[in-house]
Amino acid sequence: MNQNERKTVARRMILLIAVACVIMGLYVMRLIFLQLVNGDDFKAKATNTTDYNFTVTAARGDIVDSAGRRIATTTTSYNVVLNKLLMGDRDLDTMLQQIVELLRANGESWNDTLLIGQADAAGNYAFTDDDTSTSDQKQLADMKETLGLQQYATANDVMEMLVEKNDLQDFSPEWQRVLAGIHYEMDRQAFSNVNNFVMAENVSTLAVATIKEHSLQLPGVEIVETSARSYDQSDIVPAVLGRVGKITAEKWKVTDSNGQVTYPLREKGYNMNDVLGISGLESVYEDELRGKDGVETITRNSDGVIVDTKLTTVPEPGHTVQLTIDSNFQRAVDKALADNIDMINRVYNTGTMKAAAGAVVVLDVKDGSVLAASNYPSYDQNLYAANYSEYSSDPSLPLFNRALQGLYTPGSTFKPAVAVAALDSGLINQYSTVYCNGVYNYFKDYHPRCTRHGHSGNIDVVTAIKWSCNIFFYDVGRRLTSDVYDAYAYKLGLGQRTGVEVSEAVGRLTTKSDSNYMASLDVQAAIGQGNTVVSPIQLATYAATLANNGTRYRTHFVKAILDTNTGKVLQETQPEVMDVIEDRGDTFDLVRQGMIGVSETMSGLKNYPVTIACKTGTPQRSETYYVGSTRKHYTNTTMIAYGPAEDAEIALGIVIEYGGGGARAGNLVADIFDAYYAMKDGSLTLDETGAGETADTTADGQDAVPETVENNDALADDTAPAEQPAV
């Protein structure tokens, strides 16, 4: 290479280097401009994201029996949920059509509470509300108000508004109704970027798989794992447990008398599509069972891209509610009650009128806890929704909680209360007697009678209780007056709330302020007739108070509140004294002697291994029948009992509708005590049907037919008021 060529190459290299330096300088200047001059602006754009928080529902707490066996629990279920944030710009109605078709193909339904049916052949719509349902009527009124329509608006008016509001004019009438219903539900659930819409609940695994297969075509359509209430032991006190349900429009939006609108559940942290307890213990302990919801946070940048999804608050399950009831013992009592009613119908009620219903409540005498609360007939908690029509139309009323809500005339089971009042007030003592000749002749125009079964002549209080002498209690009741013996009956637990956590009927006693009061009513009320009505749980509380020598504890179903994760006791129900009758020495001992005497007259109890104190009753019902030309009243079977009499552990209250003589429940009492002692020693087992069973049906090995002691309630005067169960 000559000299000229070298100079040329050198010039070219210098030029290239210069160009490269200029380009690099420009890049450096641009970087300086971006980072130093506009760095804050670009940093803000890079970090311009929005967080969206969504609720993650906490699992509902369990309800377990006294031994820790699960009765109500939470199972996993799957909901189809729409997330507006994740849908992007996809056409909502086209997507809804796809989802509906997939759900239909799998036999699933979707949330639609719009009370309008499909259009008829002429294209007209009609409301599907129930004229007798206040809930339906309020929902219709709220819907019309929300849409800005007058209350006289027709179904066609509502649909026209919904079609116009949601731009559904291009769809067929069938799809207009489907999509309008879904949009209506979306509005009710406040569907938005920050609030998901639950389109379908508790869908099958097949539907889950189908929707997941189409997930690419359905952005924002999610399968969300959630919890649903189920009952592992659906036959255990269903009426006491109560039910859960979705929040109704009435509970979500509350309008007071001044027109002020509030949203109390929203203020407590609920969402419109949440589930809560609506009756029974599920409702009473809602705050304990509910748990604390979690939060899922979705982060989206300014371009609409999801950049992060995380669980920012972990949901906490609700607490466990532990009952005082042992489920095995409860089933044994259920079976004993059913067997006793069957025996009464086979042996005694052989005509057209049958004993078809009853209730038994068993209490722990030491603290007032409920060990069993049986209703016959009852129902299956898991089948409530599916069989509601059948249950509600059944004339035997399986949905009626007779144990707590049934009100019945107590009959002669009331006599121990009158005896306590007479002894404690000093009107009589153990030596006082009343002469019984079979007819009470104090009134000139009213002569109630007594059968004198097992007794006659001068009768003391112990003998009067044992043989249920009407004349004795007519006379003592008249002299005491209802003012006095009612006061004692209230303190013993009759005619007032027992204190249980769930709703109970109060009942009433016969008083001088009653519209039909006359002097003769005092003597009728003294034998448990008149206007007096009480519940089976009151009878059990009354029996426990007699066993406790006048100390009445609050009756309760809940033993403790437990931490679901650790089992730690967070709150325990302590025995609570509600009232006390000061024993003046021998009042309750004398009453106990009389009640022990009653048990000595009945098979199943007279030879029982432990001493049982009881009192039977055969209260009249208002319905009558004729034997020849003689008019007679149908009667119920009532019974109170406790034992062992010397140091009682359990107390019972029993009512069997149309059962007849009170002594017919004698073997039922024995069966319950058998099951109780079998539960204590661990020998109480479950047969193939799930019913509790023990080795023998009765303690003394006799058959199921008790010796019938005719009860003097049957001789109460026909003119005396007689109450039916308050059903």
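How many of the eight residues of β13 are buried? Select 357-364, the residues of β13, and colour by accessibility: seven of the eight are buried, so the strand is largely enclosed by the rest of the structure. Buried here means under 20% relative accessible area, with exposed over 50% and partly exposed in between (1.4 Å probe, protein chains only). Strands (E, at least two residues) and helices (H or I, at least four) are DSSP runs, numbered from the N terminus.

Before moving on, some ground rules. This is a predicted model, where local features need pLDDT of at least 70 and side-chain atom pairs count only at pLDDT 80 or more, while totals for chains, interfaces and linings use all residues. Residues are numbered from 1 along each chain as its sequence is written, and side-chain values use heavy atoms, with hydrogens and water left out.

**Zoom out: the domains**

Colour domain 1 (48-69 + 233-323), domain 2 (77-231) and domain 3 (327-350 + 357-391 + 402-681) separately; the bounds come from an automatic or database domain assignment. The centres of domain 2 and domain 3, over C-alpha atoms, are 54 Å apart.

Now select 358-673, which an unreviewed UniProt entry annotates as "domain: Penicillin-binding protein transpeptidase". UniProt positions follow the numbering used here, feature names are shortened, and annotations may be inferred rather than shown by experiment. This stretch is 28% helix and 22% strand, and its end C-alpha atoms are 18 Å apart.

**The sheet around β13**

Show β14-β13-β25-β24-β21, in that order: an open, antiparallel sheet of five strands. β14 (370-376) and β21 (613-617) are at the edges with a single partner strand each, so one side of each has no neighbour in the sheet. From one strand to the next, the twist averages 5°.

Back on β13, look to both sides. Six bridges join β13 to β14, and eight join β13 to β25; two strands pair if DSSP finds at least two bridges between them. In the hairpin of β13 and β14, with five residues between the strands, stop at G368: its phi is positive, near 80°.

Axes are lines fitted to C-alpha atoms, for helices over the stretch in contact, and angles run from 0 to 180 degrees between N-to-C directions.

**Two threonines**

Pick T555, in the loop between β17 (551-553) and β18 (558-562). T555 and V370 are 185 residues apart in sequence, yet 6.8 Å apart in space, C-alpha to C-alpha. Beyond four places in sequence, the contacts of T555 (heavy atoms within 4.5 Å) include L363, G368 and V370. T555 is buried at 1% relative accessible area.

Then jump to T635 in strand β23 (630-635), buried at 14%. Its contacts beyond four places in sequence include R621 and Y658.

**Last stop: a cysteine pair**

C436 is buried at 1%, and C469 is buried at 0%.
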